[in-house]
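Here is a friendly walk through one protein model, meant to be read with the structure open beside it.

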Amino acid sequence: MTNVLTTSRLTLRDWRAEDAAAALEVYGRAEVTRWLSPEMDQVPDAAAMRLLLQQWIAESARVPAPAGRWAVERNADGQLVGGAHLLPLPPGREDLEVGWQLRPDVWGQGYAAEATHALAGWAFGHDVYEVFAVVRTGDTRASSAVRKNGMHWVGETGKYFGLDLQVFRLRVADLDVDAVSSAGPPGRD
């Protein structure tokens, strides 16, 4: 079971099987799933989404804090607008990845940064000193979002999930929202 995390506009809480219809609005969208790592197919229907949520719920119960998966709700209306995770990266599982997936209609509203900072703060409260985000080459929206989140580009690798990925890092000192973000990978937006 994960802990409930709150920001001024969001609540990150445990997934529930009854979230399937709302979660399908995120994970049933090709524009979301095409960029996920590890690779994930677009979820075809509510029944498949319910099964996936049950897997995520079981996974969150097994992983030690601060790791887990969260549903992301908007505080103003209680709507589920996405999901977020803090999970060990393969192959050694010594690095923690912070990630989020949002409904396309809420992109660009700063929810990614809020979720990232909530999860990073949670991790840093558990003797974790840095978290990473991995972004597929070509996903300019995500690479822009992680830089806006205060994360710094550290390189590219093929070691995670068998994909060519850009790697970004956030450390405790980087949570200062007034800090200048990194310029990103050389020669890229």
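## An aromatic cluster

W15, Y27 and W56 come together as one aromatic cluster. Keep in mind that this is a predicted model. Across the structure there are 3 aromatic pairs. In the pair of W15 and Y27, the ring centres are 6.3 Å apart and the planes meet at 65 degrees, so this pair is edge-to-face. W15 sits in the loop between β2 and α1 (20-27), while Y27 belongs to helix α1, so the pair ties together parts that are 12 residues apart in sequence.

W15 also pairs with W56, and here the geometry is tilted, with 5.8 Å from centre to centre and 50 degrees between the planes. This pair links distant parts of the chain: W15 is in the loop between β2 and α1, W56 is in helix α3 (residues 46-62), and 41 residues separate them. How buried are these two tryptophans? W15 has a relative accessible area of 5%, and W56 has a relative accessibility of 7%; since buried means under 20%, both count as buried. Y27 is buried as well.

Y27 brings us to the rest of its helix. Which residues of α1 are buried? They are A20, A23, L24, V26 and Y27. Looking down the axis of α1, you will find these buried residues within an arc of 155 degrees, so they line one face of the helix.

## Q101, a buried polar residue

With a relative accessible area of 7%, Q101 is buried. Its side chain makes a polar contact of 2.5 Å with the side chain of Y27, a member of the aromatic cluster. A polar contact of 3.4 Å also joins the side chains of Q101 and H85.

Setting aside residues up to four places away in sequence, Q101 touches V26, Y27, V32, L36, V81, G82, G83, A84 and H85. Two of these, V26 and Y27, are among the buried residues of α1.

## Two nonpolar cores

The largest nonpolar core contains 34 residues, and L12, L86 and V131 have the most contacts inside it. At least two residues each come from β2 (10-13), β3 (68-74), β4 (80-88), β5 (96-102), α4 (111-124), β6 (130-136), α5 (140-148) and β8 (165-171). Which element gives the most? That is α4, with 9 residues.

Take L12 as a place to look around. Leaving out neighbours within four places in sequence, L12 is in contact with N3, V4, L5, W70, A71, V72, A84, A115 and L119. Apart from this core lies another one, of 15 residues, including W15, V43, W56 and A71.

R69 is found in strand β3, and its relative accessible area of 17% makes it buried. The side chains of R69 and E59 are joined by a polar contact of 2.6 Å.

R136 has its place in strand β6. R136 is buried too, with a relative accessible area of 14%. Not counting residues up to four places away in sequence, R136 touches R34, W35, L36, S37, E39, L163, D164, L165 and Q166.

## Confidence in the model

How confident is the prediction? The mean pLDDT of the protein chain is 89, and 92% of its residues reach 70 or more. By element, β2 has the highest confidence, with a mean of 98, and α5 the lowest, at 88.

Residues 179-189 call for some care: the pLDDT there is below 50, although this stretch has 19 contacts in the model beyond near neighbours in sequence. Where pLDDT is low, the predicted coordinates should not be read in detail.

Technical notes:
Residues are numbered from 1 along each chain as its sequence is written. This is a predicted model: local features need pLDDT of at least 70, side-chain atom pairs count only at pLDDT 80 or more; totals for chains, interfaces and linings use all residues. Side-chain values use heavy atoms; hydrogens and water are left out. A nonpolar core is a set of buried Ala, Val, Leu, Ile, Met, Phe, Trp, Tyr and Cys residues joined through side-chain atoms within 4.5 Å. Buried means under 20% relative accessible area, exposed over 50%, partly exposed in between (1.4 Å probe, protein chains only). Helices (H or I, at least four residues) and strands (E, at least two) are DSSP runs, numbered from the N terminus. Contact means heavy atoms within 4.5 Å. A polar contact is a pair of N or O atoms within 3.5 Å; within protein, one must be able to donate a hydrogen and the other to accept it, and residues adjacent in sequence count only if both atoms are side-chain atoms. Rings of Phe, Tyr and Trp (its six-membered ring) pair if their centres lie within 6.5 Å; planes under 30 degrees apart count as stacked, over 60 as edge-to-face and the rest as tilted. The arc is that of the directions from the helix axis to the C-beta atoms. pLDDT is the predictor's confidence in each residue, from 0 to 100.
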